[in-house]
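Please keep the sequence and the model side by side as you read.

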Amino acid sequence: MDGFPKLMWLMIFSAVLMLGPDMVRIAGFTWHAHDIAEYATEQMSAGGGWTPTVQTLVEERMSELGIDPNHWVIRHTDGPVSGHGDVYFSIETKYMVRAYAMLGRPVAEALGDTTLVKISANSETGTQIY
């Protein structure tokens, strides 16, 4: 029975090695999504809501971080906000785990949507317009 614990640890270690790159990418995308959401609400708060200027700044920030806006679902407070209003920004996408492709195409296809991981971030704050 000495071989079973070694085999179990080998399987666990193999799974970590196989899924490691995907975990790092998911963590990076999550970090960037939260950064963009915080940046967007800061700009919206100072600029009075979602304006063309704020939209340009957010798109520039996304391109700096290597995030393609076409692959993300973006929701935000519409139009300008005056006085003491709240602004909201949300960004989300689905990441396809590629590690299962190493097990072969039939395995990856059989897993289907279980290989998709939702990445999302949102932020809400009050405006700073007086």
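What percentage of the 130 residues of the protein count as buried? The figure is 28%, where buried means under 20% relative accessible area, exposed means over 50%, and partly exposed lies in between (1.4 Å probe, protein chains only).

Before going further, a word on the ground rules. This is a predicted model, in which local features need pLDDT of at least 70 and side-chain atom pairs count only at pLDDT 80 or more, while totals for chains, interfaces and linings use all residues. Residues are numbered from 1 along each chain as its sequence is written, and side-chain values use heavy atoms, with hydrogens and water left out.

Let's take the overall outline next. The C-alpha atoms fill a box of roughly 75 × 30 × 25 Å along the principal axes. The radius of gyration is 21 Å, whereas a compact globule of 130 residues would have one near 14 Å; the radius is taken over C-alpha atoms, and the globule rule is 2.2 Å times the number of residues to the power 0.38. The protein exposes about 8,700 Å², with carbon and sulfur atoms supplying 60% of that area (Shrake-Rupley method, 1.4 Å probe; for residues, only the protein chains shown count as cover). Among contacts with a separation of 6 or more, 70% are between residues 24 or more positions apart, a contact being heavy atoms within 4.5 Å.

Now for the secondary structure. The protein has 3 helices and 3 strands, and along the sequence they follow the pattern α-α-β-β-α-β. Helices (H or I, at least four residues) and strands (E, at least two) are DSSP runs, numbered from the N terminus.

The 3 strands form an open sheet in the order E1-E2-E3, with antiparallel pairing; two strands pair if DSSP finds at least two bridges between them. At the edges are strand E1 (73-76) and strand E3 (116-126), each of which pairs on one side only. From one strand to the next, the twist averages 10° (axes are lines fitted to C-alpha atoms, for helices over the stretch in contact, and angles run from 0 to 180 degrees between N-to-C directions).

E1 is joined to strand E2 (residues 86-96) by 4 bridges. Here Val73 has Glu92 in E2 as its bridge partner, and Arg75 stands opposite Ser90. On the E3 side, E2 and E3 pair in the antiparallel sense over 11 bridges, and Tyr88 is found opposite Glu124 in E3.

In soluble globular proteins, nonpolar side chains tend to be buried together. Take Ile91 as an example: beyond four places in sequence, its contacts include Ala33, Ile36, Met62, Trp72 and Ile119.

Helix H1 (residues 3-47) also holds Asp22. Asp22 counts as buried because its relative accessibility is 7%. Apart from neighbours within four places in sequence, Asp22 is in contact with Tyr95, Val97, Arg98 and Ala99.

Thr30 is in helix H1 too, and at 26% relative accessibility it counts as partly exposed. Its C-alpha atom is separated by 13 Å from that of Gly66, 36 residues apart along the chain.

Our last stop is Thr114, in the loop between helix H3 (105-111) and E3. Thr114 is exposed, with a relative accessible area of 59%. The C-alpha atoms of Thr114 and Met96 are separated by 8.9 Å, with the two residues 18 apart along the chain.
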